[in-house]
Amino acid sequence: MIKIEELRRSFGPVVAVDGVSFEVERGQVLGFLGPNGAGKSTVMRILACFLRPDSGTASVCGHDILQEAVKVREKIGYLAENVPAYNEMTVGSFLDFVCDSRQIFGKARKIALDRIVPMCSVESVYHQTIETLSKGYKRRVGLAQALIHDPEVLILDEPTDGLDPNQKHEVRGLINKMAKEKCIIVSTHILEEVEAVCTRTIIISRGRILVDSTPEKLKEEHGCSLDEVFRKITRTKVA
Amino acid sequence: MKGFSAVFKREFKSYFTTPLAYVFLVVFLFFSGYLTFKQGFFEMRQADMRVFFMNLPILFVFMVPATAMRLWAEERKSGSIELLFTLPITVFEAVLGKFLAAWVFLGVALVLTFPMVVIVCILGEPDVGLIFTGYIGSFLMAGGFLAIGCFFSAASKNQVISFVLSVVACAVLVFAGMPTTLSYLSTFLPSGFVNAVETMSLQAHFESILRGVLEFKDLSYFVILIAGWIAASSIILEERKAG
């Protein structure tokens with residue numbers, strides 16, 4: 001469902017993504033790992049059609065990200081790293097705005113909101129403005145925004161960052177529940193999360209893919225915990 | 001144009017959920033009235049609104065960029081632009097939605113100056129057509145300034161920079177057409193060039209509409225001004241949205 005070919009993007013002299021290619025199918029949960037500045041967020045932003053690649057291409061559900069950006073965005077649910085939202089809006093009016101722009105009206109909107117609000121547990125803050133929310137609640141609102149149209153493809157950039165252990169557990173449960181019928185890419189620094197939700201792992205550093213495997217295989221090959229595998233790979237292969 | 005209405009609705013509402021709209025309206029209404037009465041509205045003993053309209057360019061040079069500066073600069077600074085442009089909305093739809101929301105808001109500000117019209121109607125028998133074209137001209141001028149402000153807001157992340165740049169750009173458009181500027185220019189420039197400056201300045205077209213004639217050349221001036229700056233805003237945003 002997601003196909004990326006030779007994606008390259010640099011910011012001035014810094015090469016953020018350097019020839020990344022991979023495919024993700026329905027039913028897969030891809031854990032996207034890498035040290036800070038490895039290019040994870042850049043790849044995700046390109047996939048969400050927010051950034052343009054310098055070269056290379058990608059398609060989501062058969063739609064090219066350069067030619068049919070709006071169609072791609074319709075198919076994708078995207079949660080950005082810093083959870084952008086309109087801070088002066090209440091959670092309710094913010095979700096209404098997202099429904100407006102995703103063309104969810106009338107009955108469909110009511111059904112979508114009835115599904116998503118309890119799912120992301122934002123009932124208690126529904127009438128509060130977003131700027132007054134804690135980091136965890138903001139992230140939940142971001143998650144609600146990304147899931148409201150029940151997208152086929154989910155791109156989540158550090159979805160559990162800032163959440164308390166209970167909320168982390170809930171979000172992982174949520175991802176597991178949706179895993180079968182969707183195609184999900186999750187970036188994270190929390191390696192136990194990868195073991196908990198991902199069926200596949202890509203480790204990327206300095207814009208290049210170092211490893212494309214499953215968490216189980218990685219542990220087997222290296223004979224140690226995922227944490228150590230990550231350190232071994234990103235330190236040795238880059239240096 | 002699906003995304004357009006969503007952006008328009010959100011943006012227009014956002015004016016009234018923050019103190020911005022109320023501060024703007026109070027300040028604008030105060031000064032538009034104050035300048036009119038200070039410059040001898042009663043002493044002139046004429047039932048028209050010419051004094052009122054003649055003050056608007058100067059007032060708009062400051063007030064409109066103040067409305068426009070947040071349009072994109074804020075969105076880029078807070079990062080919400082990443083949300084906006086990962087929703088199924090094109091850059092052009094978003095630019096148009098935001099621009100029109102701000103323009104309608106300025107329209108509301110102009111409509112709220114209606115007590116002036118009421119006073120003039122009570123005091124005498126004004127030419128209603130003249131007042132009407134005056135409002136049309138003012139609305140178009142607000143649109144022109146807004147499009148300029150929208151561009152500078154898209155060009156810079158910093159609201160203060162975008163405010164200052166758009167005030168300068170709008171002031172150039174107004175002052176280039178003032179008689180003093182033109183007579184100064186004519187001391188060292190050929191007359192053809194001075195005429196060109198006058199035609200390109202906003203003042204000449206605004207005054208011509210104030211005289212009560214809606215001419216094609218004046219209307220097209222404003223349409224081109226607005227369309228050009230809006231198109232430029234879309235292009236620069238497409239390039240810089242992530243920067």
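1. Two strands count as paired if DSSP finds at least two bridges between them. In this model, which is predicted, strand β9 (residues 200-205) of chain A and strand β10 (residues 208-213) of chain A meet that description: they pair in the antiparallel sense over five bridges. Within this pairing, Ile204(A) stands opposite Ile209(A) of β10(A).

2. The hairpin that β9(A) and β10(A) form has two residues between the strands. Arg206(A), in this hairpin, takes a positive phi near 45°.

3. In chain B, attention may turn to a pair of helices. The axes of α8 (residues 128-155) of chain B and α12 (residues 202-210) of chain B come within 8 Å and cross at roughly 155°. Angles over 145 degrees count as roughly antiparallel, and α8(B) and α12(B) are therefore roughly antiparallel to each other. Their crossing is right-handed.

4. Which residues make the contact between α8(B) and α12(B)? From α8(B) come Thr133(B), Gly134(B), Ile136(B), Gly137(B), Met141(B) and Gly144(B), which meet Leu202(B), Phe206(B), Ile209(B) and Leu210(B) in α12(B). By class, the residues of this contact are six nonpolar, four polar and no charged.

5. The two chains also touch. Contacts join 22 residues of chain A to 20 residues of chain B. On the side of chain A that touches chain B, α2 (69-75) and α3 (91-101) of chain A each supply at least two residues, and α3(A) gives the most, with four residues. That side of chain A divides into twelve nonpolar, four polar and six charged residues.

Methods:
Residues numbered from 1 in each chain as written. Chains lettered and ligands numbered in written order. Predicted model: local features only at pLDDT ≥ 70, side-chain atom pairs only at ≥ 80, totals over all residues. Axes fitted to C-alpha atoms, helices over the stretch in contact; angles between N-to-C directions. Parallel < 35°, antiparallel > 145°, perpendicular 65-115°, else oblique. Left-handed = near helix turned anticlockwise from the far one by under 90°. Contact = placed C-beta atoms within 7 Å. Nonpolar A, V, L, I, M, F, W, Y, C, P; charged D, E, K, R; others polar.
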